[in-house]
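Subject: Structure for you to look at

Hello,

I am passing on the structure we spoke about. Please open it alongside this message, as the notes refer to residue numbers.

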Amino acid sequence: MDKVCKQASSAFSRCRVDIRPPFFDFVGIDRADPSIARRLASITISEVKQPFERQPPRKVGELEQMVINEQQFIACPELVTNLLYDGFMMQRVFYSMLPEDERITEHLHIIFTSKLACTFSEDDWRYHARALVCGTPSIISTSGIVEAPAKPREFYLYRAQAHYLSSQREARRDRDTDEDKDKFAGQYIDYHDKRITDAAIGYVYQATMFFITFGQPFCNLQNCRLYNSHWQSDLIRTQVLNPVICKRHKKLIDDFNKSAI
Ligand SMILES: [Zn+2]
């Protein structure tokens, strides 16, 4: 987090960057209080091909179990789970917890979470994992950094083939296995990968640019840090191997830093 803070302070010199305590500590949530766990459990997605308002109701007892699980996640926020959360609803829940005097655009809150944020797209009528949800607060999902940009095409072909072959012998595998991952190691950012920090810095740039440009956080140039990476190879190129800002965005940031407060 120190590296993220240092780079954000250096890039956006007009801003004072504070690292706050873990969010639930900062906003004074009583971790034993089940109400926040209930709110978070209620924004999970079970049907990725339906928007949030059409999610099927949870079965009797299922929500209660999810609340118990969620309380464990709150107690141990670095736990990675396979649950999907509606990113905009997550933003709404976190917004409601922000101190009232900080719910203004002079404060740019960026919350880092291991929860996998997803947003529903009406283009293909399904949820997609997101590394970044811009707004107040902005959310950077470390699971999203791993899951949102697509892995190499060959990875999916290899996995589909492996699943087909394994289905001949055993129950179908639904998750990436170590075997799948080892074969393509290094070609994408994985959980507990040090490169998550570099990628997170890029998303901090984008979250900030969203406010500087009134809603345009991305760049069309494939070598700019603000490029919207749909592939892991794009993410690694723009944030790890050659993390640079294009001339146009450099000027926008310079002008922002020079502008009156
Ligand atoms: Zn750019």
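Below are my notes on the sheet, the core, the helix pairs and a hairpin.

Please keep in mind that this is a predicted model.

The sheet. There is an open sheet of three strands, in the order β2-β6-β5, and its pairing is mixed. The edge positions belong to β2 (110-113) and β5 (132-133); each has a single partner strand, so one side of each lacks a neighbour in the sheet. β2 runs parallel to β6 (residues 138-141), and four bridges join the two.

The core. The largest nonpolar core contains 48 residues. I145, I189, A200 and Y203 are the residues with the most contacts inside that core. Helix α9 supplies the largest share of it, ten residues. So that you can check one of these positions by eye, here is the surrounding of I145: apart from neighbours within four places in sequence, I145 is in contact with A131, I189, I196, A199 and A200.

Helix α10. In α10 (residues 232-241) the buried residues are Q232, L235, I236, T238 and Q239. Helix α9 is included in what covers them.

Helices α3 and α4. Helix α3 (residues 34-41) packs against helix α4 (residues 62-75) at an angle of about 115°, and their axes are 8 Å apart. At that angle α3 is roughly perpendicular to α4. The crossing of α3 past α4 is right-handed. On the α3 side the contact is made by P34, I36, A37, R38, L40 and A41. Their counterparts in α4 are L63, M66, V67, E70, Q71 and I74.

The hairpin. Strands β3 (residues 116-121) and β4 (residues 126-130) are antiparallel and pair over five bridges. T119 has H128 in β4 as its bridge partner. Four residues lie between the two strands of this hairpin, and W125 in the turn has a positive phi of about 55°.

Regards

Notes
Residues are numbered from 1 along each chain as its sequence is written. This is a predicted model: local features need pLDDT of at least 70, side-chain atom pairs count only at pLDDT 80 or more; totals for chains, interfaces and linings use all residues. Two strands pair if DSSP finds at least two bridges between them. A nonpolar core is a set of buried Ala, Val, Leu, Ile, Met, Phe, Trp, Tyr and Cys residues joined through C-beta atoms within 7 Å. A residue is buried if 20 or more other C-beta atoms lie within 10 Å of its own, exposed if 12 or fewer, and partly exposed in between; C-beta atoms are placed from the backbone. Two residues are in contact if their C-beta atoms, placed from the backbone, lie within 7 Å. Axes are lines fitted to C-alpha atoms, for helices over the stretch in contact, and angles run from 0 to 180 degrees between N-to-C directions. Angles under 35 degrees count as roughly parallel, over 145 as roughly antiparallel, 65 to 115 as roughly perpendicular and the rest as oblique. A crossing is left-handed if the near helix is turned anticlockwise from the far one by less than a right angle, and right-handed if clockwise.
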